[in-house]
Amino acid sequence: MKGNYTHLTMYSGINASGHGSGKMSLGKSIKMYLTIFILTTCIYMALYQYHISQEPFAASDVVKHQEKSSSYIASYLWSPISLLMANSSSNTINQSTTTSTTTASTTTTTTAGGTVGQKLGASPASIRMVSLAATTPTFVSSSSQLRSGSVGGHRKTAGIRTSSTSTSTTTTTVATASGLATTTTTTAKTSAKTSAAATPTASHKENAHKTRPTFVAASEPPPLYIITPTYRRPEQLAELTRLGYTLKHVVNLLWLVIEDANATNPLVGHTLDRIGVPYEYMVAPMPEKYKQTKRAKPRGVSNRNRGLEYLRQHATEGVLYFADDDNTYDISIFEQMRYTTKVAMWPVGLVTKTGVSSPIIKDGKMVGYYDGWIGGRKYPVDMAGFAVSVKFLKERPNAQMPFKPGYEEDGFLRSLAPLDNTEIEFLADECRDILTWHTQTKKNAPAQALNRTHYKNTNLEHIDKLLVRP
Ligand code: UGA
Ligand code: MN
């Protein structure tokens, strides 16, 4: 130490000469001791930070200190006792995060993050975190959808994603290999779920010593199954693109795109891949007898019934919703319908001459329906105005949509009997708001034929393949 001191004082020009150099040396020595002390402290801090970067906090610590401010973090950093505690409790997180789940279904996935979330469920702090997860769909969506996009290239195989931390957290998800009439089977949904749940664990680890309050427990909201009938026409890819990017804002959603056709169209598959929302693409042609008819056709009925069949086979929980490809949807309705216990209803704008189709609510009770065409229907509602619990549907094995133009919604809802009016939930601010619209796209004439000789070897040859011809 003394050597150091001498050495250091040699660097001081003031000390080297003149009166009072002894005094100055004393002052300098205090300065130097302070410098050494600070340096040592810095090294200690750096070493400690490195240490904790290798050790995630125990779940119990996260719960207990969730609400604490940065002053807590500072005290933690300086305390060798808490260092010991972090060491000893690291086993706990090992136990909670090494839960490895394999699922053969697209509907239920338990992940490491979920386990942590359940543990957290015991404390008020965690309730805040869970609600935070539920009310920030965009954040989770963006991370999960990015993953699904990366899986969405050409999918036929089961997707396996493994995430690991230094405590050997392993989360494995195996997606369904659907044996249905599907040409495209997405693995993105389960992967997305996994990553959505696993991400907070990983980010927690990275940020543990920096910004602890950013930890968000991934508590999966109930899954949504969106059944979208579609058919080939000039507007088809545009409609699917617009709807798809709306759905991309919604987490834990499987998009069942069902085309009224005998075979799938690779252009539709490609469009769905590009959007990156987890999907299943199936076909369900309208029966010939309805195609031939001069009268109104039951549009989208075989498609929706195919969707119901898929849910009976693959889904166990969550909520189903029929979303025609041409309508307009505010994403908040998806977050609201997610928790439907039986049937939920809400207004749909741009329906008939009344401009809206809606249940009428008086004193918190449904007293009737407002719609420009009642037509003797028990449930005069639009397709876009209701959602049904998957469990509730599965308890009614005969429920389906009738091939009866104008009465599809009514027939389907009636087939869900027994259903008491008092059991229907009313969403969109108790039907005081409009969050879905029955928009209709202008019909476009099929594109005229391309002069192939004239435009040989140009980009138009490629674009031509995307167009619908007469
Ligand atoms: C209205 C309702 O909103 C529909 O839910 C209902 O099925 C339809 O009336 C009906 O009663 O027939 P609207 O806008 O008139 O809908 O019908 P479209 O949008 O043309 O078709 C409804 C859905 O079925 C769309 O998703 C569409 O892509 C699909 N569709 C339509 C087919 O799958 N095949 C067709 O031949 C026509
Ligand atoms: Mn429509």
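Donors are N, O and S atoms within 2.8 Å of the metal (3.2 Å for Na, K and Ca); water is not among the atoms, so sites may look incomplete.

This is a predicted model, where local features need pLDDT of at least 70, side-chain atom pairs count only at pLDDT 80 or more, and totals for chains, interfaces and linings use all residues. Residues are numbered from 1 along each chain as its sequence is written, chains are lettered from A and ligands numbered from 1 in the order in which they are written, and side-chain values use heavy atoms, with hydrogens and water left out.

**Stop 1: the metal.** Select ligand 2, the manganese ion. Its protein donors are Asp326 (OD) and Asp326 (OD), 2.1 to 2.8 Å away. Asp326 sits in the loop between β5 (319-322) and β6 (328-329). Strands here are DSSP runs (E, at least two residues), and helices are runs of H or I (at least four), numbered from the N terminus.

**Stop 2: the shell.** Now select ligand 1, which 21 residues surround. Here, a residue is near if one of its heavy atoms lies within 4 Å. Among the closest are Pro229 and Asp260. The shell divides into four nonpolar, six polar and 11 charged residues. Asp, Glu, Lys and Arg count as charged; Ala, Val, Leu, Ile, Met, Phe, Trp, Tyr, Cys and Pro as nonpolar; the others, Gly among them, as polar.

**Stop 3: the contacts.** Which residue has a polar side-chain atom 3.0 Å from an oxygen atom of ligand 1? Click His438. Next, Arg304 places a polar side-chain atom 3.1 Å from a ligand 1 oxygen. At Thr230, look at the backbone: an N or O atom there lies 3.4 Å from an oxygen of ligand 1.

Conventions. Polar contact = N/O pair within 3.5 Å; in protein donor to acceptor, adjacent residues only side chain to side chain.
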